[in-house]
Amino acid sequence: MEKWLLYSEIHRLKQKGFSISNISKKVGLSRNTIYKYLEMNPMEVADWMAATKVRNKKLDPYQDIILNWLREYPDMSSAQVEDWLKERFGKEKIQVGEATVRRFVRDLREKYHIPKVTTPRVYEAIPDPPMGKQLQVDFGEYKAKDQNNQEKHLWFICLVLSNSRYKYVEWLDRPFTTRDALRCHEHAFQMFGGITEEIVYDQDHLISKDENAGDLILTVEFQSYVKERSFRVQLCRKSDPESKGRIENVVGYVKKNFAKNRVFTNLEKWNEQCLHWLERTGNYNVHNTTKKRPVEVFALEKPHLRPISSTINFSNVDTASITRSVRKDNTVRYLSNRYSVPLGTYKQHRDNTVYLEIKNDRLIIRYSPDGQVLAEHKIDSGKGQLIQDRQHTRDRTQGINAYIETISKRFNQQEMALEFLEKIREKYPRYIRDQLQVISKAINKNEQIANQALEYCVSQKLYSANDFFDIVSFLIREKDNKDESMDSILKIKLTNQVDEAVLKARPEERKMDIYMNILRGEVIR
């Protein structure tokens, strides 16, 4: 009966001239559902209701509990409903797909009028900045089809003048490096005939390392470029694409209007086609917000741009580097894959930035743009892969015997050390390498004290690297405290300038008989 009432109400509101959006809000159903009701005639509604009555759904046994959840938590997602069902009843019993749960939850919401509660962000219209004030920049990716119907991965950069919406776009058939991006800036400035006061960027790794509460930390190459061109940098907040909505719209516009369904032949022709597209469409068509042609407004904005006297030459583009941070597991992420670097490359509480260089199908990783090569890998076309060089893993070819021999030679009493280490190997056979590493670390702290710790461990039969390390640390602290005490005594002597003989002086000792005579009242002479 409820569906008949909904059907009648929706058709009644439509006949009164209500829009689909308004009908959706009034009856609490999605617009797709409203369209479905409007397209059906009464006979189809009857057949549909009969079909839904006899049709059993996999989640019907859990309807009441799901309904209670939705009523108590109106903002609950279908994904969370699925997780809670599995948590309560077990994964073995809840063997349904995500789409099945999503449809079931959607139908329950529609049937019992439980709209999903959302907290939409409140947006405020921001007036356009003055002419010549601001430029916005962003990057995009697109997978085009070539003449053989094979996917070709392409990358592009967009630059748009915030006032006139005049655009520049350039494409590459490989990921952008910082130098690539700066070279494209120069091409755009040549096309615009000048530069703006400020440029807005996303928090891209090519541009910045950290926002740092407003004190921007920029990459070395980009910082030099900003100083050379003298413009102000504004970074968008993380996860806030709305703060640079103009350029976000341009990226989508380039993908949908220029790149979509276009066949890729070569990069040079693709860029040439894009420039022609900008001329006849991207910068010529009336902009949906300003209701003006960007090319016409640009003619007025161009005189407000700051002219640039010379062009910066970015040669040897292929040698430019992309920056990445080394992860704790000594890998570097690139195009959704992880590439190994030698163990120990990652340093805690230090700058772990490395530079990636792309040459043909090879990924080269360096500490600095022109520094020594840390690692070199063939770029993998898959996703989520770990590409690992066997030389970057822990050296398991070196025998434990040789390792023990090396450690023992660092002690004065090598025979005692060998006995101590062999006992540890017997006690921790699976962790002997880790135990030896801890001992080596302790020796590095203080070799002399490590020898004392060895004697103590053997005498007390403490065959553990951690015990050894703790004893070394304790003896070092004791030594430091003793040294501090001696320093304090010396400081007191220097401050008060007291003669050492005075410090060593002792009072005269009298015999007990003298004190007894005093108590009797006898005079002592």
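Arg-338 has Leu-386 in β15 as its bridge partner. That puts us in a predicted model, where local features need pLDDT of at least 70, side-chain atom pairs count only at pLDDT 80 or more, and totals for chains, interfaces and linings use all residues. Residues are numbered from 1 along each chain as its sequence is written, and side-chain values use heavy atoms, with hydrogens and water left out.

Zoom out to the sheet: it is open, has three strands in the order β10-β11-β15, and its pairing is mixed. β10 (331-334) and β15 (386-387) sit at the edges with a single partner strand each, so one side of each has no neighbour in the sheet. β11 and β15 run parallel, joined by two bridges. Strands here are DSSP runs of E with at least two residues, helices are runs of H or I with at least four, and both are numbered from the N terminus; two strands pair if DSSP finds at least two bridges between them.

Now look at Ser-340, in β11 (residues 337-340). Ser-340 is buried at 2% relative accessible area (buried is under 20%, exposed over 50%, partly exposed in between, with a 1.4 Å probe and protein chains only). Leaving aside residues up to four places away in sequence, Ser-340 touches, among others, Asn-330, His-377 and Asp-389, contact being heavy atoms within 4.5 Å.

Arg-165 has phi near 65 degrees and lies in the loop between β2 (151-161) and β3 (167-172). Lys-461 has phi of about 55 degrees, in the loop between α16 (447-460) and α17 (465-496). Buried or exposed? Arg-165 is buried at 7%, whereas Lys-461 is exposed at 64%.
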